Each structure stands twice: as C-alpha cells, then as structure tokens.
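Let's take a walk through this one, a stop at a time. Keep the viewer open and follow along.

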Amino acid sequence: MADPDNSRQLIDLLSADAEDLSAEWVRIVSTTLRGRVSTAEIDQELRELYSALLAALRTGSLAAKDDAFAEVRALLTELSRTRARQGFTPSETAISVFALKQALEPALAKDPDGGSLRSYLQLSSLLDDLGLFTVETYARAREELISSQSEQLLELSTPVVKLWDGVICVPLVGTLDSARTMVVMEKMLQALIDTGSEQAIIDITGVPAVDTQVAQHLLKTVVAARLMGAECTISGIRPQIAQTIVALGIDFGDIATKASLADALRHALRRSGIEIGRRGDRVAK
Amino acid sequence: MSERVPILQIGDILLVSIQTDLDDQSVLNLQDDLAARVVESAAHGVVIDISAVEIVDSFVGRMLATIAAISRMLDAETVVVGMRPAVAITLVELGLSLGGVSTALNLDLGLRLLERARGGRDGLTAEPTAS
C-alpha cells in the first residue's frame, strides 16, 4: 500500500504548490459554507490541516487510521465538533475534506503523466476515509449535544418552589413519562425533608395530557409523600383533563384536587392552620 | 444473637430510634419489647424514628403496621418519623401504604402530632391558651 515511489510523487505534488492548493481549498470551502464562518477562520483551520496532512504523508503512510495521522484526526475532530455545535449539516462538514480533491484537479490537468493520476487516486481514497471520519465525529458530537440537552431539560423543568412556610409547590410543565416522574418525585420528597414542609402542591397546569400512566405516577408520588408525613394537593386540572380522568375511570381517592393553584394554596394553608382574609373582615368580627 | 433496639422514655412517650438496618429477628424482638414497655410505662405515644434506615422490605413495612396496631390496642398512638424519600418510594413500589400508621417528616413534627392527637382525645386536659 505505502509504495514509497507513489508517496513521494504525492508529496511532491502537494508541497510544490502548497500555497496555491490550500488557497484554492479555502476558497471552495468558504463558498459552500456561504459566509456563515469567517474566511479567516476557515483559512486558519484548513492551513493547519493541510500542513498536518503533508507531515503525515511524509512518513510514507497512506492509511487514515495510522498513528501518523493522529494529528490530522485531532484537527478534524475539532473541526467537526465546532461545525456540529454551529448547526451545519453533515455534508457541509464533510465537504471541508472532500474539497481538497477538487482543489487538486487543476494541478493534475497540468501534468498528464499517469503516475500522478495513480497517486491522486490513492490520495482520494485517503481523503474519503478522512471524510467519513469527519462525518462519524460529527454524528457523535451531535448525539452528545442532544443527550446533554435532554438532561438539562430534565433539570430545568422540575423546580421545587417554596410558596409559604411549610408549603412547597412543584409546577409540572410538559409531558410526564416514567423517567421524569421519578426525578420529580425524588426532588419533591427531598425538598419536603429539606424545608420541613408538611404540605406539597403538584401543579399540572403545564401538562398537556393525562393518561392512566401519568395518573398512576401522580398517585404514587402522593402516597410516597403521605408515607413521609406530608399531604399533597393536585392543582391546575383543566376542564378537558378532568373529563379525560373521569372518562378513563381513574380514581384519585381521597387526594385533594383543585382547579387552580390559588385554591390549592388556600387549601394547604388552611390545613396547616393558617387562615387568610382581608384586614377589614377581621375588624368586622 | 441479634442486638436489641433501645427504647427510650420521654415523659409519657416512648422513642424508638432505629439506627441500623434490621434483620427479621431483631424486628420480632422489638415488637415484644415495645409491647411490654408500653404496658409497663403506661405510655400514650410511640415514636419510631427510621431516619437512619436505608433499606425497607415488605417485612419491615408490615412490622411498622403491626407495631402501630399493637400500640393502639394498648391505648398508645404510633407515629413513624423521618422516612427517607428512597424508602418511601420503595414502599410505594411494593404496594405498601402503611394503613393506620401516622407519619411525620421529623421527630419534632411527630411529637407535635402526638400532642395534638392527645389533646383531641383526652377531654380532661386543660384547654390550651390559644384563641
């Protein structure tokens, strides 16, 4: 594979017009990216890549997985990660590598010798490998991004708010699944202990739909809170949701349910022995 | 030899603080000891503190319910205090709801709950000075 003669020709070809070739490379890539990355940035990235590639080829290797290409791979990883984070498509990322072939074309036309054609093909397959590597890294970076975002979402969407001394509230927003309910449940129960609250309100105003599974999760949370010595109220039940719950035949038993958070807060305060009224009312009594 | 869980008396309340994960024999011993102590001391309240317990199986869950039932027979209210969230979730998953057992978040709230329960039950005690 690593025929020293061919490698030599390849290196000669690449190093002879290094300046022209990399300039052409940069031009092609920046046209495809249509000004979403500054030309100076692309210029710097690709020139670094070009010299790393040249250095790797000088070792006589032509396999993208070789140790000689470690630096090239590191640069490509960095490049695809940046592109993934900036929201480019996989092809726009891979073109950064494939465009080098396009840049080489005029150089070949100048030299009709068959030898350089062969070395061009070898370089081509090397660049294909590197291009595939770029796409793979891109996909991995995207996956990491997605999983870290969904984790953040999980954290973000389950705050526990203290409404009053001894009353906490969990406003639920978005669809409830088992994983999310577990997080909500644990957070709420821990908050009960941390704040010493005996009343908790679960507000489901932001939950788009309640099915038997969601209801089951809610019931479990309420029972767990009861086991620990706290009372739960479920609030924010919209008319459609009330209808669905009844139609599904879900029994909330003796769990207090309220239409609005305000009602639930009043209920929770009354249960903890706090009475709220206008100042005038008290004077009248 | 399984170790015995100490039962402490504060006024007319018995405090059982479980500090280790219990094996079945020590659970049975505790049941015996507690029944004897309730009669002996004429206590009207039992507080079981399980804040140090990390693992609860169905046996321990039933033990808590049984102790509560025994104490009630002997005219003492039982309050289980300090249950950890993980334990509560386990009990729910096991389908145990500890029916008939009062619970409180911590020892302080548990003692207050007992006091309130006693005030409601015992008409002879002086009316508290709240209005």
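L126(A) counts as buried because its relative accessible area is 0%, under the 20% cut-off. Bear in mind as you look that this is a predicted model. You'll find L126(A) in helix α6 of chain A, which runs over residues 114-156. What does L126(A) touch, once neighbours within four places in sequence are left aside? The contacts are L53(A), L57(A), L62(A), A63(A), A64(A) and F69(A). For a sense of scale, pick I255(A), 129 residues from L126(A) along the chain: the two C-alpha atoms are separated by 67 Å.

Next, go to helix α5 of chain A, residues 90-110, and find T93(A) there. T93(A) is also a buried residue, since its relative accessible area is 0%. Not counting residues up to four places away in sequence, T93(A) touches L79(A), S80(A), R83(A), F88(A), T134(A) and Y138(A).

Some of those names come up again in helix α4 of chain A. This helix covers residues 70-86, 17 residues in total, and spans 24 Å from its first C-alpha to its last, close to the 24 Å expected at 1.5 Å a residue. Its buried residues are V72(A), R73(A), L75(A), L76(A), L79(A), S80(A), T82(A), R83(A) and A84(A). While you have a helix on screen, a reminder: an α-helix has 3.6 residues a turn, so residues three or four places apart point the same way. After α4(A) comes G87(A), with a positive phi near 85 degrees.

Now move along to α8 of chain A, residues 212-228. This helix, too, has 17 residues, and it reaches 25 Å between its first and last C-alpha atoms, close to the 24 Å expected at 1.5 Å a residue. The buried residues in α8(A) are V214(A), A215(A), H217(A), L218(A), L219(A), T221(A), V222(A), A224(A), A225(A), L227(A) and M228(A). What do they pack against? Within chain A, the partners are β2 (167-173), α7 (178-195), β3 (199-206) and β4 (231-235), and from chain B come α3 (85-94) and β5. G229(A) follows α8(A), and its phi is positive, near 100 degrees.

That brings us to the interface. Here 17 residues of chain A are in contact with 15 residues of chain B. Between them the chains bury about 1,400 Å², with 73% of that on carbon and sulfur atoms. On the chain A side, K220(A), L227(A) and M228(A) lose the most area to chain B, together 44% of what that side buries. Two of these, L227(A) and M228(A), are among the buried residues of α8(A).

Have a look at the largest pocket as well, with its volume of about 370 Å³. It is lined by 18 residues, and the closest to its centre are E198(A), Q199(A), G229(A), L113(B) and R116(B). The elements giving two or more residues to the lining are β5 (102-104) and α4 (107-121) of chain B. By type, the lining splits into four nonpolar, eight polar and six charged residues.

Now for chain B itself. It has four helices and five strands, in the order β-β-α-β-α-β-α-β-α along the sequence. Of its 131 residues, 43% are buried. Among contacts in chain B with a separation of 6 or more, 75% link residues 24 or more positions apart.

Beyond its neighbours within four places in sequence, V81(B) contacts V47(B), I48(B), D49(B), I50(B), S51(B), A104(B), L105(B), N106(B), L107(B) and G110(B). From V81(B) to S41(B) is 40 residues in sequence and 21 Å in space, C-alpha to C-alpha.

Finally, check two loops in chain B. Most residues other than glycine have a negative phi. A42(B), however, has a positive phi near 50 degrees. A42(B) lies in the loop between α1 (24-41) and β3 (45-49) of chain B, and it counts as exposed because its relative accessible area is 60%. D75(B) likewise has a positive phi, near 65 degrees, and is found in the loop between α2 (58-73) and β4 of chain B.

How values were computed:
Residues are numbered from 1 along each chain as its sequence is written. Chains are lettered from A and ligands numbered from 1 in the order in which they are written. This is a predicted model: local features need pLDDT of at least 70, side-chain atom pairs count only at pLDDT 80 or more; totals for chains, interfaces and linings use all residues. Side-chain values use heavy atoms; hydrogens and water are left out. On a 1 Å grid over the protein atoms alone, a cavity is a set of points where a 1.4 Å probe fits but cannot get out, and a pocket is an open set with protein on both sides within 12 Å along at least five of seven lines; lining residues have an atom within 4 Å of a point. Grid points are joined across faces, edges and corners, and a volume is the space filled by probe spheres set on the points. Ala, Val, Leu, Ile, Met, Phe, Trp, Tyr, Cys and Pro count as nonpolar, Asp, Glu, Lys and Arg as charged, and the others, Gly among them, as polar. The expected span of a helix is 1.5 Å times one less than its number of residues. Buried means under 20% relative accessible area, exposed over 50%, partly exposed in between (1.4 Å probe, protein chains only). Contact means heavy atoms within 4.5 Å. Buried area is the accessible area (1.4 Å probe) that two parts lose on being put together, summed over both.
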